[in-house]
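Hi everyone, thanks for coming. Let me put the sequence and the structure up on the screen before we walk through it together.

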Amino acid sequence: MQTNLNPYINFKNNTREAMHFYQAVFGGKLTMNTFKEFHASEDPAEDDLIMHAELKADNGMAFMASDTPERMEYRPGTNFSLSLSGDNAAELTTYFQKLSAGGTIVMPLTEAPWNDTFGMCTDKFGMSWLVNISKSDQK
């Protein structure tokens, strides 16, 4: 699997609606999981919020999204991240290390509730990055 770079958009309690809209526009396969499904709710009000949505259009276009729980800051206009994903652990770990150098590690690369390795950082220019290393055939 190659490494992919995708936009990751954060919404405030309307990810489900937004992603259905984008699916109607772009077509493709839409998958969504709630905070409850990943056992990541810190408040029952978060249970049905979308923790991760992914739209893969037939033309290869893909993007992801999630709801922003009350415990996290939501600022429209800055509500997006860049997401690197794939199964090449060495390559993605190197990207994470280089992107976080001089920046801030928000969440170190660690096993995630969905069984992949996941981390978040903000680079020295203020860009937010999400790195997901798929468990399948990690290299």
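I'll start with the sheet, move to the helix beside it, and finish with some aromatic rings.

Before that, some ground rules. This is a predicted model, where local features need pLDDT of at least 70, side-chain atom pairs count only at pLDDT 80 or more, and totals for chains, interfaces and linings use all residues. Residues are numbered from 1 along each chain as its sequence is written, and side-chain values use heavy atoms, with hydrogens and water left out.

So, the sheet. Helices (H or I, at least four residues) and strands (E, at least two) are DSSP runs, numbered from the N terminus. Two strands pair if DSSP finds at least two bridges between them. Here 8 strands make an open sheet with mixed pairing, in the order S2-S3-S4-S1-S5-S8-S7-S6. At the edges sit strand S2 (29-34) and strand S6 (104-111), each pairing on one side only. On average, neighbouring strands are turned by 20° against each other, direction ignored; axes are lines fitted to C-alpha atoms, for helices over the stretch in contact, and angles run from 0 to 180 degrees between N-to-C directions.

Let's zoom in on one pairing. Strand S1 (residues 4-11) runs antiparallel to strand S5 (residues 80-86), over 6 bridges. Pro7, for example, has Leu82 in S5 as its bridge partner.

Strand S1 also holds Asn6. Is Asn6 buried or exposed? Asn6 is buried, because its relative accessible area is 9% and buried means under 20%, exposed over 50%, partly exposed in between (1.4 Å probe, protein chains only). Among the residues that Asn6 touches are Ala62, Met64 and Leu82, where contact means heavy atoms within 4.5 Å.

Now the helix. Helix H1 (residues 15-26) lies across S1, S2, strand S3 (50-56) and strand S4 (62-67), at about 0° to S3.

Last, the rings. Rings of Phe, Tyr and Trp (its six-membered ring) pair if their centres lie within 6.5 Å; planes under 30 degrees apart count as stacked, over 60 as edge-to-face and the rest as tilted. The whole structure has 5 aromatic pairs. Tyr22 is partly exposed at 23% relative accessibility, whereas Phe63 is buried at 9%.

Methods: Lists of a residue's contacts leave out its neighbours within four places in sequence.
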